[in-house]
Amino acid sequence: MNYLVVLIVDNNDICPAVLDAWQEIGVPGITILASTGIGRVRKALLSDDIPLLPSINSLFVREEENHRTLFSVVESQEMVDKMIAVAQEKIGSLEDPQSGFLFVTPVSQVVGWKKTGTDKSQD
């Protein structure tokens, strides 16, 4: 069975260590997105430099504290367990406040995964 592993990393400085560790254990591919949560948006609303009636768009144009959301599809529960273990080695316990958040979900179908051909990861 395939699994989707999603990890939201609160501290962007830790993200490269997690990515390196996941690659070392054989994670086949990792997608990285800049993301933010509603808590950080609400915190920004309390900032002194926001207009009295800001638009939602102006909140997202401002400088933000971002998370990084990492996700990957893997083929076994064993790989999922390894990913969780090494993520927590680098981040610390995900049960700690403001460390991150990880979830896993089964994937019933995958199309276009593990294509052969030129490796474009270095482009």
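Colleague: Which residues on the other side of α1 are exposed, and what does exposed mean?

Modeller: They are Gln23 and Glu24. Exposed means over 50% relative accessible area, buried means under 20%, and partly exposed lies in between (1.4 Å probe, protein chains only). This is a predicted model, where local features need pLDDT of at least 70 and side-chain atom pairs count only at pLDDT 80 or more, while totals for chains, interfaces and linings use all residues. Residues are numbered from 1 along each chain as its sequence is written, and side-chain values use heavy atoms, leaving out hydrogens and water.

Colleague: Happy with that! Which residues of α1 are buried, and how do you know where they lie around the helix?

Modeller: Cys15, Val18, Leu19, Ala21 and Trp22 are the buried ones. Looking down the axis of α1, they fall within an arc of 165°, so they line one face of the helix. The arc is taken over the directions from the helix axis to the C-beta atoms. These buried residues pack against β1, β2, β3 and α4, contact being heavy atoms within 4.5 Å. Helices (H or I, at least four residues) and strands (E, at least two) are DSSP runs, numbered from the N terminus.

Colleague: Why does phenylalanine 103 count as partly exposed?

Modeller: Its relative accessibility is 34%, so phenylalanine 103 counts as partly exposed.

Colleague: How many aromatic pairs does a search of the whole structure find?

Modeller: One. The rings of phenylalanine 101 and phenylalanine 103 have centres 5.9 Å apart and planes at 45°, so this pair is tilted. Rings of Phe, Tyr and Trp (its six-membered ring) pair if their centres lie within 6.5 Å; planes under 30 degrees apart are stacked, over 60 edge-to-face, and the rest tilted.

Colleague: What is the order of the strands in the open sheet?

Modeller: The order is β2-β3-β1-β4, with antiparallel pairing. Two strands pair if DSSP finds at least two bridges between them; β1 (residues 2-9) and β4 are joined by eight. Within that pairing, leucine 4 faces threonine 105.

Colleague: Which members of the largest nonpolar core touch the most others?

Modeller: Leu7, Trp22, Leu70, Val74 and Ile91, out of 21 residues. α4 gives the largest share, six residues. Such a core is a set of buried Ala, Val, Leu, Ile, Met, Phe, Trp, Tyr and Cys residues joined through side-chain atoms within 4.5 Å.
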